[in-house]
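I opened the notebook to record what I looked up in this structure. The entries follow the order in which I took up each topic.

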Amino acid sequence: MEELEVVVAHSERATLRVGDVFLKVDTDEARTDVEVEAMALAPVPTPEVLWHHPPVLALAALQGTALGHLGDPSPASPAAWAAAGAAVRSLHDAPLPPWPGRDPELIAAELARECDWLVGSGVLPADVVLRNRRLAETALRPWTPVFVHGDLQVDHVFVDGDEVTGILDWSEAARGDALHDLATLTLGHPEHLDDVLAGYGTDVDRDLVRAWWSLRCLGNVRWLVEHGYGPPERYPEVAVLLSQP
């Protein structure tokens with residue numbers, strides 16, 4: 001047997017690598033079902049599904065390397081970022097998946113709970129939370145739903161040179177706001193927003209992208225704390241929140 005590598009492991013799911021095979025184990029089998037169906041529907045490169053025996057999903061490794069990593073400078077070229085933007089546009093232009101997305105009212109309620117926790121726990125100064133909350137709330141306006149990846153972190157987009165070779169982790173794919181995907185992809189990498197939008201090929205409200213940066217970060221900090229990801233002051237999400245005007 002080849003050496004086993006633990007890629008991700010926490011109380012909700014784990015991903016293991018054995019040679020060129022990734023084994024994903026999820027406590028919520030519905031997420032894995034969504035991932036398999038979304039990859040079949042998405043008009044962009046995705047990993048090959050080798051087999052699916054809930055709660056385990058086996059995927060073939062992708063060629064290339066991740067576009068980047070949150071908190072670190074990206075080694076990818078501007079052309080690779082533009083290619084990622086073009087891939088996202090292809091996804092957003094595709095027919096909607098048959099299952100619904102998250103209700104903006106529920107997102108707003110979750111935002112309120114997370115902000116209350118951040119202030120009450122003292123993880124962030126109250127003025128930082130309030131400033132980002134006001135910005136985040138502007139993202140929750142009416143939008144025309146598109147086929148979104150839902151968790152389009154920079155680590156989930158693989159490139160080889162200037163070509164996208166695949167997009168990973170589709171368990172949160174649904175109908176949603178196109179700007180959520182664009183914001184998630186460029187979170188912590190604002191210097192590449194113009195590259196992504198050049199590939200995306202349409203006008204985008206950059207203020208709403210920033211709003212989604214705040215919303216995503218406000219919603220992630222408690223999860224990171226509770227899952228043992230170290231002191232909050234080291235989180236790239238906290239750095240983003242502190243940098244928002």
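**Entry 1: a buried arginine**

I began with Arg216, which is buried, with a relative accessible area of 15%. The model is a predicted one, and I kept that in mind for every entry. I then looked for a partner and found that Arg216 forms a salt bridge with Asp151, with 2.5 Å between the closest N and O atoms. Arg216 lies in helix H7 (residues 206-226) and Asp151 in the loop between S7 and S8, so the pair ties together parts that are 65 residues apart in sequence. Is Asp151 buried or exposed? I noted Asp151 as buried, at a relative accessible area of 11%.

**Entry 2: Lys24 and its partners**

I found that the structure holds 14 salt bridges. I followed Lys24, whose salt bridge with Glu35 has its closest N and O atoms 3.0 Å apart. Lys24 is in strand S3 and Glu35 in helix H1, so this pair ties together parts 11 residues apart in sequence. I looked up the accessibility of both: Lys24 is buried, with a relative accessible area of 11%, and Glu35 is buried, with 3%.

Lys24 also meets the side chain of Asp169 in a salt bridge (2.5 Å, N to O). That pair links distant parts of the chain, 145 residues apart, with Asp169 in the loop between S9 and strand S10 (174-176). I noted Asp169 as partly exposed, at 23% relative accessibility. I also recorded a network of salt bridges that links Glu12, Arg13, Asp26 and Arg31.

**Entry 3**

I turned to the strands next. S1 (residues 4-9) and S2 (residues 13-18) run antiparallel and are joined by 5 bridges. They form a hairpin with 3 residues between them. I checked Val8 and found that its bridge partner in S2 is Thr15.

S2 is also joined to strand S3 (residues 21-26) by 6 bridges, again antiparallel.

Which strands make up the open sheet of 3 strands? I read the order as S6-S8-S9, with antiparallel pairing. Strand S6 (65-66) and S9 are the edge strands, each pairing on one side only. S8 (residues 157-160) and S9 are joined by 4 bridges. Within this pair, Phe158 stands opposite Gly166, and Val159 stands opposite Val164. The two strands form a hairpin with 2 residues between them, where Gly161 in the turn has a positive phi of about 65°. I then looked at how covered S9 (residues 163-167) is: 4 of its 5 residues are buried, so the strand is largely enclosed by the rest of the structure.

Asp28, Glu29, Asp33 and Glu37 form a negative patch. Glu29 has its place in helix H1 (residues 29-41) and is partly exposed, with a relative accessible area of 39%. Val7, Val8 and Tyr229 make a nonpolar surface patch of about 240 Å². Val7 is found in strand S1 and counts as partly exposed at 41% relative accessibility.

Thr138 and Leu208 are 70 residues apart in sequence and 7.0 Å apart in space, C-alpha to C-alpha.

Key:
Residues numbered from 1 in each chain as written. Predicted model: local features only at pLDDT ≥ 70, side-chain atom pairs only at ≥ 80, totals over all residues. Heavy atoms only, no water. Patch = residues over 30% accessible without salt bridge, like charges linked within 9 Å, V, L, I, M, F, W, Y side chains within 5 Å. Areas by Shrake-Rupley, 256 points an atom, 1.4 Å probe, with all protein chains shown as cover. Salt bridge = Lys/Arg side-chain N within 4 Å of Asp/Glu carboxyl O. Lys, Arg positive; Asp, Glu negative; His and termini not counted. Charge placed at Lys NZ, Arg CZ, Asp CG, Glu CD. Buried < 20%, exposed > 50% of the residue type's maximum accessible area, 1.4 Å probe, protein only. Pairing = 2+ DSSP bridges.
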